[in-house]
Amino acid sequence: MREIVTIQVGEFANFVGSHFWNFQDELLGLASDPESDPIFRNNDLNMDVLYRSGETQQGVSTYTPRLLSINFKGSLGSMSSHGTLYNEASSSRSDSSKTWFGGVDTQRSEPRKRNLFQQTLYEEEAIAEIEDKDIVGCLDETVECWTDFSKSHYHPQSLYELNGLWMDSQDFNNYGAGKDLFSEASRGDEISDKLRFFVEECDHIQGINFLVDDSGGFSPLAGDFLETIADDYTNVPLLLYSLRSQSPKKKTVSSKLHDAISFSRLSSFCKLFTPIGVPFLSGSNKYLNLGDERAYRTSAVYAAALHSSTLPFRMQQQQSSSDSSEASNAMDVNTLVQLLTSRGRQNIVAILDSAMPLEKTLLTNLQTLTPEVIEDVEDNRSVESMCVLGALGSEEQEATVSEVRNAVDASYEERDDNRRPLFCNLSVSRCPLPVPLPFPSIFGNLVGRKGEILSSPVSDSMYRGSLDVHSVPVATRWRSSSAVLPFLESRMVNLEKLGIQWGAMGSDVVRSWGFGREELQEMREGLSKMVSELSPHQFSESEDSD
């Protein structure tokens with residue numbers, strides 16, 4: 001077994017995670033449905049990598065994500081913090097009142113009402129029969145919490161709410177707002193115990209996927225948690241995804257310093273750091289209509305990329321050296337890390353590109369999901385790892401593994417020599433991305449039922465969802481490239497200019513966050529090394545010295 005534990009910290013990270021687990025749940029259902037397309041029944045995926053088997057107190061078998069979710073108190077909406085399977089009864093008295101034998105006055109807020117989707121999910125009796133089209137329409141208008149559209153069941157150890165945090169989420173927008181969260185009120189011990197529950201039952205853990213909404217106070221909490229993980233699980237590789245929802249607002253001194261410090265601290269505790277969250281998704285994909293780009297919609301795009309890019313970790317390992325007819329080139333977390341970070345230069349910051357839906361030419365409509373990168377950079381030392389799911393061939397049938405390989409090879413051959421990577425790894429699965437019912441209606445009218453690109457609009461509607469599109473081919477590409485230099489340089493420059501220099505505009509801000517000048521200089525030194533590692537001038541100078 002090659003288990004992976006997933007951690008989701010913060011509001012937007014849990015939105016992305018909710019869509020991600022919906023994809024997995026849909027795959028599980030389709031794989032066991034004798035009426036489903038054979039492409040889903042024979043997907044050659046080992047879902048035990050992400051899921052754990054268990055049993056309720058009543059002896060009912062369960063199969064739940066190996067997940068730890070951390071968020072605000074109340075962020076679970078209508079879902080209990082015990083999940084939906086175990087229904088553990090809460091004590092009539094809180095822990096703090098166990099030593100008090102006088103009268104106790106308990107005040108509880110009204111539970112949040114379930115939306116139409118949740119009512120059908122939990123088989124509640126509705127006033128009238130609810131149709132799928134009613135559910136789809138309801139979700140697009142009413143989603144507030146990530147649980148509002150989640151179709152997965154969760155173990156009680158998976159859900160952690162930050163109790164005792166009396167702060168509006170809008171005030172939780174900077175590093176200082178969360179700097180002591182992990183250490184206060186035994187939170188760190190409670191969170192670590194929940195992670196230990198999942199890690200210790202693994203036979204052979206291959207890694208940790210850590211998703212964090214690092215745009216505000218969740219960043220320092222994640223940093224402290226990562227430091228604990230690094231101490232407790234030294235040999236477990238950790239992939240970190242820094243997730244941002246769309247925020248085209250002009251950046252302030254505080255936000256620039258937050259970005260620099262957050263990246264510097266979080267990146268020091270992972271094997272691979274992938275920033276995800278571009279200012280606008282709509283303008284770069286002609287097949288998607290994201291409307292006002294609310295979190296429910298944009299997180300679906302990022303979750304699809306997360307699903308595709310990590311699929312090789314849960315492909316079935318073949319007994320022989322040859323690949324199966326359904327999937328090719330399975331690998332584990334550590335193999336990916338070594339591939340992207342150890343081929344000539346030590347760069348841990350990866351760019352993630354995605355295409356959804358995927359055109360038949362495969363590489364032409366890949367768009368970057370990583371902010372502040374250079375397009376079409378010449379870097380003949382770049383390294384790439386690509387995964388293609390459900391690519392369509394002739395007559396809109398799923399292409400074979402060899403057909404996908406040949407098409408990718410042809411696409412690379414058409415590139416200029418200076419834009420070809422030093423090395424490219426390719427993983428292929430014939431199984432496309434399934435579109436679950438609660439997926440947002442973001443596909444345009446040029447996208448067909450199987451995600452094929454149509455020659456003419458199929459309807460007057462500009463927004464098509466799960467009732468119209470049942471599956472979609474997807475490709476993702478991880479890149480270790482100098483194209484990420486602007487991302488690194490902006491953080492290095494802002495830290496120096498706004499936080500370190502004498503009389504810097506943000507010196508009081510960083511001091512209020514608990515950082516001294518010496519600590520900031522160490523961060524700047526680390527950022528400078530990252531920039532130097534990717535700088536083409538640095539490489540040419542080292543060549544000359546040889």
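Author: We shall discuss helix packing and then strands and sheets. This is a predicted model, in which local features need pLDDT of at least 70 and side-chain atom pairs count only at pLDDT 80 or more, while totals for chains, interfaces and linings use all residues. Residues are numbered from 1 along each chain as its sequence is written, and side-chain values use heavy atoms, with hydrogens and water left out.

Reader: How do α1 and α8 cross?

Author: Two packed helices are described by the angle between their axes and the distance between the axes. Helices (H or I, at least four residues) and strands (E, at least two) are DSSP runs, numbered from the N terminus. Axes are lines fitted to C-alpha atoms, for helices over the stretch in contact, and angles run from 0 to 180 degrees between N-to-C directions. Here the axes of α1 (residues 11–31) and α8 (residues 295–310) come within 8 Å and cross at roughly 55 degrees. Therefore α1 is oblique to α8 (angles under 35 degrees count as roughly parallel, over 145 as roughly antiparallel, 65 to 115 as roughly perpendicular and the rest as oblique).

Reader: Which residues of α1 and α8 meet?

Author: Contact means heavy atoms within 4.5 Å. Among the residues that meet are Phe12 and Phe15 in α1, and Ala295 and Tyr296 in α8. By class, this contact of α1 with α8 has 13 nonpolar, six polar and no charged residues (Ala, Val, Leu, Ile, Met, Phe, Trp, Tyr, Cys and Pro count as nonpolar, Asp, Glu, Lys and Arg as charged, and the others, Gly among them, as polar).

Reader: At what angle do α5 and α6 pack?

Author: Helices α5 (residues 187–200) and α6 (residues 218–232) pack at about 45 degrees, with axes 11 Å apart. They are therefore oblique to each other.

Reader: Are the residues of β5 buried or exposed?

Author: In a regular strand the side chains alternate between the two faces of the sheet. In β5 (residues 159–162), Leu159 and Glu161 on one side and Tyr160 and Leu162 on the other are all buried (under 20% relative accessible area, with exposed over 50% and partly exposed in between, using a 1.4 Å probe and protein chains only). Strand β5 pairs with β4 (residues 67–72) in the parallel sense over four bridges; two strands pair if DSSP finds at least two bridges between them.

Reader: Which strands stand at the edges of the open sheet?

Author: The order of this sheet of six strands is β9-β13-β12-β16-β10-β11, with mixed pairing. Strands β9 (327–328) and β11 (367–368) stand at the edges, each with a single partner strand, so one side of each is left without a neighbour in the sheet. Strand β11 pairs with β10 (residues 351–355) in the antiparallel sense.
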